[in-house]
Amino acid sequence: MTVNSGSPGWYLRRLSRMGPREIGGRAGDAVRRRRWRSARPDSPTVTGARFTAVLPAGTFAAVSPDAAKRLVAEADRLMAGHTEFFGVERDDLVDPDWWYDPKTGRRAPWGYAFDVPYRNEDATGDIKQIWELSRHQYLTVLAAAYAVTGNERYAERVAEHLRSWWAGNAPLRGVHWTSGIELGIRLLSWVWIRRLLDGWPGVAALFEDNPVALRQIWHHQHWLASFPSRGSSANNHVVAEAAGQFAAACAFGWFPSSARWRADALRSLELQLRRNTFTSGLNRELATEYHGLVLELGLAAVAEADAADVQVPASIRLVLLRMTDALAAIVDSRLRPPRQGDADDGHGLVVDGEGTDRWASLLATGDAVFGRLAWWPAVTGTDVRTPLLAALVRPYAHGTAPAVSRPASRPAHFADAGMTILRGPGEIWCRCDGGPHGFLSIAAHAHADALSVEVRHDGVDVLADPGTYCYHGQPEWRQYFRSTLGHNTLQLDGGDQSVSGGPFLWTRHARSRVLAVDTSDASGGGTARWCAEHDGYQRSVHRRRVELTAESQELRVVDEVRGGPRRTVRLAFHLGPAVAADLVGNRAQLTWTRDGEDRSAALELPGELNWRAHRGESDPPLGWYSPGFGRREPATTLVGTGFADGAAGFTTVLRFRG
């Protein structure tokens, strides 16, 4: 079912997922928006502002030559006007149009911000394409290149673009004043731009001595204080809003309201980091890229606090420590985390060039701030961001050391998140999903993927999670990539386990529970086991057992449908884009190459089902893999069809060779 996120039906469904307090808050927001239409708030006059949150002398001596080289190469590409956002190449960055979407060729309409129909791609264009440039994270890259090289042409381009943006995006006018997460991330970028340009002769005239800049900074913070994400929307968005607000109130504490904004943002950040994170350290949205985003934002906020000598609650550092240890626990042999839930390539702070590994960078920062544990995987890459954050963060400043016992060995089962990682010989890595259907009542970034598995061999996707691909404007693709059929799990009667009410709204959530776990390291010669079930299909329960045996390098998956009438079944296995499949009957020979070496596996599929291979089909979509937001490529999907009528389960066996 395709759902229009701007239709009356959608608004009713969305309203049904809110509580009374959220409804009251949103009603107050609506009144404020109407009032601001005719009486826009005025920013105060500021004199004598000074920026003191600078990096310590010698910070850039800790940046490795390799990381600096990648940074400068990326900055030079940007200076030439070239970049790529979500699969769309741009060559207009010398003089960008801030409201233009190069994907659709449309330009966002001008006018009062809250009148802009940003969810309507026909009217506005692809909003992600428009917003991404105005997060100004490409400008933090240019500013970092200035800081590393001292070449003023980078600083001058940054100044030129900021002045252009400020002149063309007056407060409360246009599409860039519609979403709090965008304002929060943009503020964080501005803080770091000011910090990285320190030493450039024109930096004070660009920021603290510039009435236009002061007006923009004030209005961004006033907006965030007035329109926080609420209730069912209080996911990664509210963390980004609080982190950006806090960073700006620390570094740009030049306004009468700065102390209040700083205190309020810190309270919100502490509360929302706890609410958005399981005790195990995994993010409650169960969307791995948002785990990364929230961790980046939290680390950046702590850096601002320490730079401004602002004490933060110990609970903030504790959550970030747990998130870092959890990330170290779940990555595969190539430091790739699960591809679970939505992913939109969003970052909190960008100061690195192309080719820098995001997850290695986060683990390197975690090592610098918290210290690595003996079981952590080795991190061999380099980055710019880690030495910059480490220069500001004072680990456990002000006596705020978290009172926590860190894991003595690598965790494999995260009971609260329902995630289990089975590991075997030959760098076999298998994620089993028996967790909740996302976070909060709308589960905005969840997929209908209960009991799905994700299997890799030496970092190569063998049984892959296909990813996300898009959010707005292509409802059939949005529907496919978050559907049950779009994951390595079992579908009954052609429907999803959970019921969608819109592109970021689920109105009924499948409930999963893990029945048994034995995460004995199969690489040590034993067998690791996992069993779970979910109730997403009314009158029937889907139960799945997974076993990973070391001696045979064999993964066995058994699916059962318990209870209910005779039902149609589709069982899907999505292969990674590097894997070729030769399907004969119910047996598939899988081959791929890793580091120039040929690899293979045999996949024995349930003989009770009829099997077909699908690749790159569009009507309807089937057989695709999204390596990043806005990008998709054909990949083989094996789909078995048949019936479940209370007979024995469906058994799938994957055997790796050599």
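A definition before the strands: two strands count as paired if DSSP finds at least two bridges between them. And please keep in mind that this is a predicted model.

Start with strand E24, residues 636-644. Seven of its nine residues are buried, so E24 is largely enclosed by the rest of the structure. Strand E19, residues 610-615, is joined to E24 by six bridges, and the two run antiparallel. Within that pairing, Trp611 has Gly640 of E24 as its bridge partner. E24 also pairs with strand E15, residues 567-574, again antiparallel, over eight bridges. There, Phe573 sits opposite Leu638 of E24.

Next, the open sheet. Five strands make it up, ordered E3-E4-E5-E6-E7, with antiparallel pairing. E3 (413-414) and E7 (460-463) are the edge strands, each with a single partner strand, so one side of each has no neighbour in the sheet. E7 is joined to E6, residues 453-457, by three bridges, and His457 stands opposite Val460 in E7. Helix H14, residues 314-330, lies across E3, E4 and E5, at about 40° to E4.

Last, helix H7, residues 152-168. Its 17 residues span 24 Å from first C-alpha to last, close to the 24 Å expected at 1.5 Å a residue. At its start, a side-chain oxygen of Asn151 comes to within 3.0 Å of the backbone nitrogen of Arg153. The buried residues of H7 include Tyr154, Arg157, His161, Trp165 and Trp166. What do the buried residues of H7 pack against? Helices H3, H6, H8, H9 and H10.

Conventions. Residues numbered from 1 in each chain as written. Predicted model: local features only at pLDDT ≥ 70, side-chain atom pairs only at ≥ 80, totals over all residues. Heavy atoms only, no water. Helix = DSSP H or I, 4+ residues; strand = E, 2+ residues; numbered from the N terminus. Expected span 1.5 Å × (residues − 1). Buried < 20%, exposed > 50% of the residue type's maximum accessible area, 1.4 Å probe, protein only. Contact = heavy atoms within 4.5 Å. Polar contact = N/O pair within 3.5 Å; in protein donor to acceptor, adjacent residues only side chain to side chain. Axes fitted to C-alpha atoms, helices over the stretch in contact; angles between N-to-C directions.
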